[in-house]
Amino acid sequence: MPTALNLTGAALTPGAQRSWWLREALAQDPGQPCPPLSEDVTADVVIVGGGFTGMWTAYFLTERDPNLGVVILEQDVCGGGPSGRNGGFASGWWDELHGLVALYGPEAAVRACRAISASIKGIGEFCASHGIDAWYREGGYVFAITATAHERLCEEMVKLAREVGAEDELRPLSAAEVRARCASPAFSGGAFMRDGASIQPARLARGLRRVLLERDVKIHEGTTVTRLDGTTAITPHGAVRARHAVLAVNAWGVGWPQLNRRLVAWSSYIVMTAPAPDRLREIGWTGGELISDFRTSLRYFRTTPDGRIAFGGGGGRARRTVDDMFTHDARAVTETAEGFRLMFPSFAGVPIEDAWGGPIDVSPTHLPAFGRIGASNVYYAAGYTGNGVAPTRVAGEVLADLVTGADTDAVRLPMVGARPPAFPPEPFRSWGAAVVRRAMIAKETAEEQGREPGFLVTQLARTPRRMGYLLGSD
Ligand SMILES: Cc1cc2nc3c(=O)[nH]c(=O)nc-3n(C[C@H](O)[C@H](O)[C@H](O)COP(=O)(O)OP(=O)(O)OC[C@H]3O[C@@H](n4cnc5c(N)ncnc54)[C@H](O)[C@@H]3O)c2cc1C
């Protein structure tokens with residue numbers, strides 16, 4: 001049974017209800033029903049998963065060829081997974097240059113970043129042209145230094161952007177400049193990335209769903225795909241026989257043989273405050289900036305139009321399957337709330353009204369890969385590592401182009417067909433991930449508190465890098 005939390009007086013039971021975003025979006029527009037699949041049908045393309053990846057893929061398929069028969073099968077409701085639960089950071093990739101350059105070289109790395117930048121704008125344009133009020137706001141992204149150990153990371157990030165000719169995309173901020181944008185006493189400097197927009201993610205997901213239904217895409221919610229037989233999707237009450245299949249299952253990929261060595265499922269949690277627009281004005285955070293720190297166990301936060309703070313990160317854990325731990329983890333909520341209280345002491349009297357969590361599909365490179373499984377007609381996008389809002393739109397375009405055989409710039413992006421190193425097999429993968437993750441959090445907490453992290457903790461936190469993964473501490 002989940003534990004009821006009492007955070008500043010508000011009793012919170014994580015997992016007892018859907019995310020605040022999705023409840024808000026459904027209250028505003030529940031949408032037309034999409035009943036479960038109850039018979040065998042045929043289609044040109046069957047898509048497993050009704051999150052951003054699956055829905056953007058369907059959207060771009062209908063753009064390429066309005067006559068294609070597209071079916072989406074979603075075990076929950078569209079946007080019921082992380083696409084309707086995330087922080088709503090549609091953010092650029094200029095902070096990912098280190099990994100991108102190491103994997104693909106500077107030219108392809110910059111191309112990938114530009115594609116993500118275009119995707120952010122594309123989300124805004126999509127919302128505007130389809131009458132979707134997803135609270136899209138371009139406020140940029142502030143990376144805030146909260147520990148001396150992060151100063152070097154910040155400098156290297158800005159330097160690398162300069163070296164690839166993208167100095168306009170990422171620029172350093174002094175402590176005063178960071179605090180002018182958001183006066184948290186925890187911030188001692190940082191950097192500003194131009195590419196960053198906040199959205200209400202569930203409104204985007206539900207808006208996408210509406211547009212797809214208008215385009216005659218068939219959506220079956222409450223329909224779990226138990227396996228793919230070639231490109232036929234098998235569900236308990238019917239099968240979809242299709243020419244092409246797309247796996248858009250995010251962290252649930254740990255249960256699919258086609259994807260499981262490429263992913264580890266980690267949890268991330270978000271707490272949401274009551275509206276406090278006056279307090280936001282007091283700390284000067286009125287520009288709509290997305291903000292995060294530099295921890296591996298990232299803390300990320302943004303505001304809403306009615307003056308709330310949604311604050312994510314903190315105490316995620318790793319697991320072998322996507323189970324209740326990803327939604328019902330009271331300890332992770334408490335750790336996230338503690339992070340919030342640490343960064344925003346002036347919000348001490350502001351209640352935390354909501355909390356929820358979800359799974360993140362961590363890839364060995366910290367970057368997603370899109371492509372085709374072997375020579376089959378099964379396609380996938382996976383490994384967003386907690387940064388999928390803007391990349392899923394790129395993935396949707398790529399997958400639609402791969403399915404239709406279109407020769408476009410999108411299919412030549414370096415993430416397409418990328419083959420990251422595999423994670424170790426289970427049970428070592430999830431055990432190792434759990435141990436390393438706790439070590440990273442312990443190391444980063446010690447650094448933030450000005451303490452020297454212990455030798456063992458430091459070594460464990462470095463293990464992934466030593467094994468050739470682009471994860472964890474240097
Ligand atoms: C708490 C949290 C905060 C985050 N914050 C951010 C952020 O601020 N910015 C950002 O860029 N990214 C963020 N992310 C990551 C981002 O949400 C994801 O990368 C993105 O939503 C991935 O979209 P998707 O469609 O691939 O996956 P999902 O939204 O997870 O969709 C996959 C869908 O597949 C369905 N499914 C799984 N298995 C089956 C099956 N067998 N049959 C049928 N359906 C199935 C699931 O129910 C799910 O709806 C966050 C994630 C979490 C959990």
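**A walk through the model**

Let's begin with helix α7 and its surroundings. The buried residues of α7 pack against α1 (20-28), α2 (52-64), β4 (70-73), α4 (106-129) and β11 (218-220). Keep in mind as you look that this is a predicted model.

Now follow α7 itself. It covers residues 201-214, which makes 14 residues, and its first and last C-alpha atoms are 20 Å apart, close to the 20 Å expected at 1.5 Å a residue. How many residues of α7 are buried? The count is 12 of the 14, so the rest of the structure largely encloses this helix. Among the buried ones you will find Pro 201, Ala 202, Leu 204, Leu 208, Val 211, Leu 212 and Leu 213. The buried set also includes Arg 203, Arg 206 and Arg 209.

Both ends of α7 are worth a look. At its start, a side-chain oxygen of Gln 200 comes to within 2.8 Å of the backbone nitrogen of Ala 202. After the helix comes Asp 216, placed in the loop between α7 and β11. The phi angle of Asp 216 is near 70 degrees, a positive value in a residue other than glycine. Is Asp 216 buried or exposed? With a relative accessible area of 54%, Asp 216 is exposed.

Trp 135 lies in the loop between α4 and β6 (137-138). Trp 135 is buried, though, with a relative accessible area of 16%, whereas Asp 216 is exposed.

Next, turn to α2, one of the elements that α7 packs against. Helix α2 has 13 residues and spans 18 Å from first C-alpha to last, close to the 18 Å expected at 1.5 Å a residue. Here 11 of the 13 residues are buried, so α2 is largely enclosed by the rest of the structure. The buried residues include Phe 52, Met 55, Trp 56, Tyr 59, Phe 60 and Leu 61. Thr 53, Thr 57 and Thr 62 are also among them.

For α2 and helix α10 (residues 389-404), the axes come within 7 Å and cross at roughly 45 degrees. That angle makes α2 oblique to α10. The crossing is right-handed. On the α2 side, the contact is made by Phe 52, Thr 53, Trp 56, Thr 57, Phe 60, Leu 61 and Arg 64. An α-helix has 3.6 residues a turn, so residues three or four places apart point the same way. From α10, the residues taking part include Val 389, Thr 392, Arg 393, Gly 396, Leu 399, Ala 400 and Val 403.

Helix α11 (residues 428-448) and helix α12 (residues 455-466) have axes that come within 8 Å and cross at roughly 125 degrees. These two helices are therefore oblique to each other, and their crossing is left-handed. In α11, Val 435, Val 436, Ala 439, Met 440, Ala 442 and Lys 443 meet residues of α12 that include Val 457, Leu 460, Ala 461 and Pro 464.

Let's finish with three buried residues. Ser 117 sits in helix α4, and at 12% relative accessibility it counts as buried. Leaving aside neighbours within four places in sequence, Ser 117 is in contact with Trp 94 and Asp 195. With Asp 195, the link is a polar contact between side chains, at 2.4 Å.

Thr 146 belongs to the loop between β7 (141-144) and α5 (149-163). Its relative accessible area is 9%, so Thr 146 is buried. Not counting residues up to four places away in sequence, Thr 146 touches Ala 186, Phe 187, Asp 293, Met 343 and Glu 448. The side chains of Thr 146 and Glu 448 make a polar contact at 3.1 Å.

The last stop is Asn 387, in the loop between β22 (378-382) and α10. Asn 387 counts as buried at 12% relative accessibility. Beyond residues up to four places away in sequence, Asn 387 touches Ser 91, Gly 92, Trp 93 and Glu 96.

Key. Residues numbered from 1 in each chain as written. Predicted model: local features only at pLDDT ≥ 70, side-chain atom pairs only at ≥ 80, totals over all residues. Heavy atoms only, no water. Helix = DSSP H or I, 4+ residues; strand = E, 2+ residues; numbered from the N terminus. Expected span 1.5 Å × (residues − 1). Buried < 20%, exposed > 50% of the residue type's maximum accessible area, 1.4 Å probe, protein only. Contact = heavy atoms within 4.5 Å. Polar contact = N/O pair within 3.5 Å; in protein donor to acceptor, adjacent residues only side chain to side chain. Axes fitted to C-alpha atoms, helices over the stretch in contact; angles between N-to-C directions. Parallel < 35°, antiparallel > 145°, perpendicular 65-115°, else oblique. Left-handed = near helix turned anticlockwise from the far one by under 90°.
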